[in-house]
Amino acid sequence: MPCKSQSRNKCWTSADNFGYVGLVLVLVGGASAMDVLVANQIRALNGTMVKISCTFTSCYKVDNTKFVMNWSYQETANDTRELFMIFQKNKMQPLNTDRLGDRVTFVGNLDKNDVSVTLADVQIFDEGLYNCYVRNPPDRVQGLGVIELIVVTELPPPRDTTIAVVIGASVGGILALLILSMVVVKCVRRHRKQELISDEQKMEEEAKLDGEGGAEEGTKKIYSLPEDVY
């Protein structure tokens, strides 16, 4: 659970989100070489801190000189995106906005493909869509995850969610293994394709060199006349 060090009245998200997290993962681009994984929707209690999680899979290790990432906010899907966090010049840079101010903090880890953030002192007007955009060259696929934040003013009545958590965790584990296996297969196929292309290029170069060598021998035969001709 995000913000484990916070007390319940300081940090809260709906238990349903964790019980069914395996069912609400957004896989951008299907089983491509890079996928962005986010919760479809999260809930936060007004006045608390909430973690907005975003992770990604990639065939390639993050190169800070090429890696591109940004977070943006939209009140609705029809509104213009407003950037509030970017990765630039090997540094994560928060951008103060009129809406979010300096309440956003990066809590991810690029070495673990994690670009999550936290939003402190959540307010009702923070509701909306939070977009997590990732590009990790040389992967040509770009990823975008969209999380809807819903802010509530009171805690829901307590209920036993043990069964839901167990089911959600099991389904989430199965989906994670499936995603991992598909990504591995995709990466292996990509590397094999690159090797085949390299082999074909080498064969073409060798054939070209052989052709040039044959032409030179032919030229020598034409102009090398017997001595008795003279």
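The questions and answers below concern a predicted model.

Mentor: Residues are numbered from 1 along each chain as its sequence is written. In this predicted model, local features need pLDDT of at least 70, side-chain atom pairs count only at pLDDT 80 or more, totals for chains, interfaces and linings use all residues, and side-chain values use heavy atoms, with hydrogens and water left out.

Trainee: Which residue does a cis peptide bond join to Pro137?

Mentor: Look in the loop between β10 (128-135) and β11 (142-152), where Pro138 is placed. Strands here are DSSP runs of E, at least two residues long, and helices are runs of H or I of at least four, numbered from the N terminus. The cis bond has an omega of about 10 degrees, and the partner of Pro137 is Pro138.

Trainee: Is Asn113 buried or exposed?

Mentor: Asn113 lies in the loop between β8 (104-106) and β9 (117-119). Its phi is positive, about 60 degrees, although Asn113 is not a glycine. Buried means under 20% relative accessible area, exposed over 50%, and partly exposed in between, with a 1.4 Å probe and protein chains only. Because the relative accessible area of Asn113 is 17%, the residue is buried.

Trainee: What is the relative accessible area of Asp121?

Mentor: Asp121 is in the loop between β9 and β10. It is not a glycine, yet has a positive phi of about 50 degrees. Asp121 is partly exposed, and its relative accessible area is 40%.

Trainee: With which side chain does the side chain of Asp126 make a polar contact?

Mentor: Asp126 is found in the loop between β9 and β10, and is buried, with a relative accessible area of 0%. A polar contact is a pair of N or O atoms within 3.5 Å; within protein, one must be able to donate a hydrogen and the other to accept it, and residues adjacent in sequence count only if both atoms are side-chain atoms. Leaving aside neighbours within four places in sequence, Asp126 is in contact (heavy atoms within 4.5 Å) with residues including Tyr73, Arg99 and Asp121. At 2.9 Å, the polar partner is the side chain of Arg103.

Trainee: How many residues does the largest nonpolar core have?

Mentor: A nonpolar core is a set of buried Ala, Val, Leu, Ile, Met, Phe, Trp, Tyr and Cys residues joined through side-chain atoms within 4.5 Å. Among the residues with the most contacts inside the largest core are Phe67, Met69 and Trp71. Elements giving two or more residues to this core include β5 (68-74) and β6 (82-88). The number of residues in the largest core is 32.
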